[in-house]
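Here is a short briefing to read alongside the model.

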Amino acid sequence: MCGKFAWLGTALVAGLAASAGLVPEQYYFLDEYEDASVVRPGAPTLTMGMVSPGLLTRTHMGVYRGEKVQLYANPSLSLPPCGAKKLVYSVRVYGFGDDVRKDAALVTEFTSDGGALRLVVRHVADKADLLCTFGSQKLSIPYESLPADFVVSADSWNPAELQVTSLADSQQRIVRETSAVFKTSHQAITRSVGVTTTLESARPGTAAEVKVDRLFVALAKPAPKPVAVPTKIVPLKEFDPVKAGWKLAFSDEFEGTTVDKTKWEDRHGRPELLRVKDGKLIIDCVDDGKGQLKTASLWSWHQQCYGYFESRLKFTKENGWWAAFWLYADSIANPFVDGFEIDIFEDYHTRRKDAAGRNLNILDHNLHTHATGSLKSWNYYEQFAGSLDEYHVIGCKWTPFEISYYLDGRLIESSAVHSPWDSVTFDAFHHMAGSVPLRTIVSGQIMAPNASWLKGCTQYDAKDLPYHYYVDYVRVYEYPDPVDEKPSVAWAQDYPSGTFLMKNLGDKVSYEVDVKEAVKTKSKIAAVYLFDSGYLLECKTSAPCRFDLALTEEYFDKTDFVRPGRQGQKPKIEGGHALQVFVADENGRIARTDKVIEFFLMSKRLMSKPYEGKAATIPGVLQICRYDEGGEGVAYHDGTKGNQHGGKTNTRMNEDVDCTPHGLGAVGRGEWINFTVDIAEAGDYVLKFRHGNPTTKPQSLLLLCDFKPIGEVSCPGHETKYGWSTRQEAQMPVTLPAGRHILRFVFNGGYNLTDFTFEKR
């Protein structure tokens with residue numbers, strides 16, 4: 001049975017604008033610059049680039065150029081009265097010129113019969129900060145904090161609020177301004193407000209430039225109040241795994257003359273760039289002979305869930321590359337099934353210099369995972385004391401509900417808008433829970449040429465090559481978790497499971513667990529938590545420990561499942577789900593169910609249409625890029641905005657499926673595509689395709705005909721040296737009916753694949 005509350009904590013609210021405490025309910029205008037066919041004021045050029053440091057997903061952006069260019073205008077928007085909802089204006093600003101920063105101002109003006117209020121983001125090319133004015137209020141915004149979301153929210157009674165939230169360092173700055181533009185004499189009055197956004201050059205006759213994304217105006221409602229949950233997370237100010245009695249599980253002191261291949265995989269196949277000398281691992285970075293850099297990485301064969309992961313090393317500071325120490329499991333599609341990514345450090349910011357020309361001691365610490373194909377990420381930004389020329393010991397303590405980072409034995413101090421902590425700490429209630437063993441990785445990383453997210457640090461001086469990343473040791477310690485000292489939890493019955501198990505939007509499901517106190521301590525049960533793919537759905541503090549779920553948008557909108565990461569993309573509930581229950585006792589000991597319950601959730605069965613009006617024929621080849629028409633949720637489900645892999649030869653760049661003319665790149669668990677097909681005759685066929693499975697674990701593809709499951713084909717794991725390369729062939733016998741039908745291919749994992757071929761048996 002569950003006992004009483006032992007501790008109280010709060011989970012971050014769900015919603016698109018969780019940082020603002022608001023959830024967009026109705027969009028008056030939304031442009032994410034994904035569709036090149038849209039005619040936009042100001043005629044921006046659409047470009048694609050990485051979102052921000054540590055968030056290396058690609059997105060389309062709009063680049064506006066001119067002496068005075070209008071981005072948006074609406075003369076009449078309804079401003080809600082007090083106590084109801086808020087009008088929200090938001091724009092994500094990436095910068096004011098890539099190759100050359102240009103003096104400019106991005107001016108947003110709010111007007112009504114009460115006057116005008118201006119938000120001005122002013123950029124001066126040789127200044128380190130942006131000057132932001134909001135009426136009479138002023139903010140100084142470091143240019144290096146871009147990209148950032150500039151969000152104004154207002155109603156007709158309360159002061160208007162400006163929030164500037166950085167995607168680079170996860171800091172948030174807020175000012176409020178009382179203005180006659182919004183204010184009315186009576187709380188029930190609804191006022192009409194006009195909004196315009198204009199790029200203005202600071203130099204007459206000279207074109208200004210700004211790069212933006214996610215420009216929207218919406219009617220927003222208050223986000224749900226935080227849910228109180230029992231927690232007992234106390235990050236220790238200092239930590240030494242040896243003094244704490246944690247057992248060493250894996251280590252390499254690099255005492256020989258070559259890399260120990262029984263401990264490490266040379267992921268890039270570049271042994272010449274991996275040296276062991278004088279008790280140190282040295283990862284080299286060299287010119288590849290084609291004007292680009294290349295480097296190498298080591299991935300441990302050892303995999304471990306929970307523990308302390310530590311390395312003594314030197315951070316790097318040369319342009320064109322960076323170093324990292326991180327944990328990964330070959331895929332981050334689901335933290336209960338595939339894995340996720342813990343970046344203990346990435347040092348790309350150490351290339352930046354202060355006014356005196358000295359490198360900045362800034363590290364980035366990231367956590368990456370997915371939910372139904374949508375990437376969720378959080379980061380901390382840290383400036384540390386000490387020298388980049390000295391060795392430092394950096395480590396990560398990962399326990400069931402906590403991931404905390406340590407530098408030279410001390411908890412790293414930092415803060416972020418997504419977190420209640422004053423340290424580099426991720427937790428299961430503001431971020432995510434994971435339960436999959438991860439590999440330990442030390443790596444050199446190459447910066448993309450002209451990477452806009454770290455401008456000025458991509459060009460290297462060839463005469464200084466080679467560069468070096470020095471690693472003294474890597475040690476991994478076990479998390480002490482005696483079975484008799486922690487509670488136990490198990491599903492009350494053998495619930496059916498598997499992504500091939502289809503559920504429909506609107507279904508109701510119930511799950512119950514049996515919970516027992518620890519055999520040795522008899523510590524009372526404090527709480528039982530149900531997580532879905534790493535995110536809290538419900539918490540029970542009294543018996544029965546039964547969870548009744550409604551698989552609806554309304555239900556999930558009250559949970560952490562739909563809470564976005566710092567990129568602001570709200571995950572869809574359609575796709576693959578994985579349920580796991582954790583239980584905590586009053587001693588803070590935590591247990592979880594061994595079995596993860598998986599299912600695939602399908603939304604409304606809307607009918608897609610054949611591409612260009614012509615159905616594919618079977619027997620024959622289904623060319624990947626000729627999937628059906630109908631868009632997201634009808635013809636396909638894809639967790640990332642825009643085509644992340646297509647090139648100029650592709651015909652589907654304005655849609656979200658990450659395809660090339662003959663292949664599909666980096667699919668996420670639970671994504672799918674439809675094909676309308678004409679099947680010549682009923683009978684037995686063989687489905688064939690090639691795939692690149694980056695893991696050693698098998699993954700699969702599910703086939704549905706007219707929304708009914710008819711087969712599942714395995715995508716076997718293989719030697720990870722093949723990576724994403726589509727070298728392996730998968731095939732499956734399948735029986736198909738004659739005539740016109742819709743085939744849906746559902747991806748149960750993360751991999752690459754080629755065109756589908758159906759042959760008659």
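Which residue in β13 is the bridge partner of Val164? It is Arg173. This is a predicted model, so to speak of local features a pLDDT of at least 70 is needed, side-chain atom pairs count only at pLDDT 80 or more, and totals for chains, interfaces and linings use all residues. Residues are numbered from 1 along each chain as its sequence is written, and side-chain values use heavy atoms, with hydrogens and water left out.

- Strand β12 (residues 160–166) pairs with strand β13 (residues 172–177) in the antiparallel sense over six bridges. Strands here are DSSP runs of E with at least two residues, numbered from the N terminus, and two of them pair if DSSP finds at least two bridges between them.
- Five residues lie between the strands of this hairpin, and Ser170 takes a positive phi near 60° there.

**A three-stranded sheet**

- Three strands make up an open antiparallel sheet in the order β34-β36-β39. Its edge strands, β34 (488–491) and β39 (546–550), each pair on one side only.
- Neighbouring strands of this sheet are turned by 25° against each other on average, direction ignored; the axes are lines fitted to C-alpha atoms, and angles run from 0 to 180 degrees between N-to-C directions.
- β34 and β36 run antiparallel and are joined by four bridges, with Ala490 opposite Asp514 in β36.
- β36 (residues 508–516) also pairs with β39, in the antiparallel sense over five bridges. Here Tyr511 stands opposite Phe547 in β39.
- In a regular strand the side chains alternate between the two faces of the sheet. Buried means under 20% relative accessible area, exposed means over 50%, and partly exposed lies in between (1.4 Å probe, protein chains only).

**Salt bridges**

- A search of the whole structure finds 40 salt bridges, each defined as a side-chain nitrogen of Lys or Arg within 4 Å of a carboxyl oxygen of Asp or Glu.
- Arg546 forms a salt bridge with Asp548, with the closest N and O atoms 3.1 Å apart. Arg546 counts as partly exposed because its relative accessibility is 37%, and Asp548 is partly exposed too, with a relative accessible area of 45%.
- Arg351 forms a salt bridge with Asp347, the closest N and O atoms being 3.6 Å apart, and both residues are buried.
- Arg352 forms a salt bridge with Glu144, and their closest N and O atoms are 3.8 Å apart. This pair links distant parts of the chain, 208 residues apart: Arg352 sits in the loop between β25 (341–346) and β26 (362–371), and Glu144 in the loop between β10 (137–142) and β11 (148–154).
- Arg352 counts as buried because its relative accessibility is 10%, whereas Glu144, at 42%, counts as partly exposed.
- A network of salt bridges links Asp481, Glu485, Lys486, Lys520 and Arg589.

**The second largest pocket**

- This pocket holds about 790 Å³ of space. On a 1 Å grid over the protein atoms alone, a pocket is an open set of points with protein on both sides within 12 Å along at least five of seven lines, while a cavity is a set where a 1.4 Å probe fits but cannot get out; lining residues have an atom within 4 Å of a point.
- Its lining has 33 residues, and Arg101, Tyr143, Glu144, Arg352 and Lys455 lie nearest the centre.
- Strands β3 (45–52) and β6 (86–95) each supply at least two residues of the lining.
- By class, the lining has 15 nonpolar, six polar and twelve charged residues. Ala, Val, Leu, Ile, Met, Phe, Trp, Tyr, Cys and Pro count as nonpolar, Asp, Glu, Lys and Arg as charged, and the others, Gly among them, as polar.

**Cavities**

- The structure holds seven cavities of 30 Å³ or more; a volume is the space filled by probe spheres set on the grid points, which are joined across faces, edges and corners.
- About 230 Å³ of space lies in the largest cavity. Of its 16 lining residues, Val51, Thr59, Gln567, Gln569 and Lys641 lie nearest the centre.
- The largest share of that lining, three residues, comes from β4, and the lining as a whole divides into three nonpolar, six polar and seven charged residues.
- The second largest cavity holds about 50 Å³ of space. Ten residues line this cavity, with Thr231, Lys232, Phe401, Ala584 and Ile590 closest to its centre.
- The lining of the second largest cavity has seven nonpolar, two polar and one charged residues.
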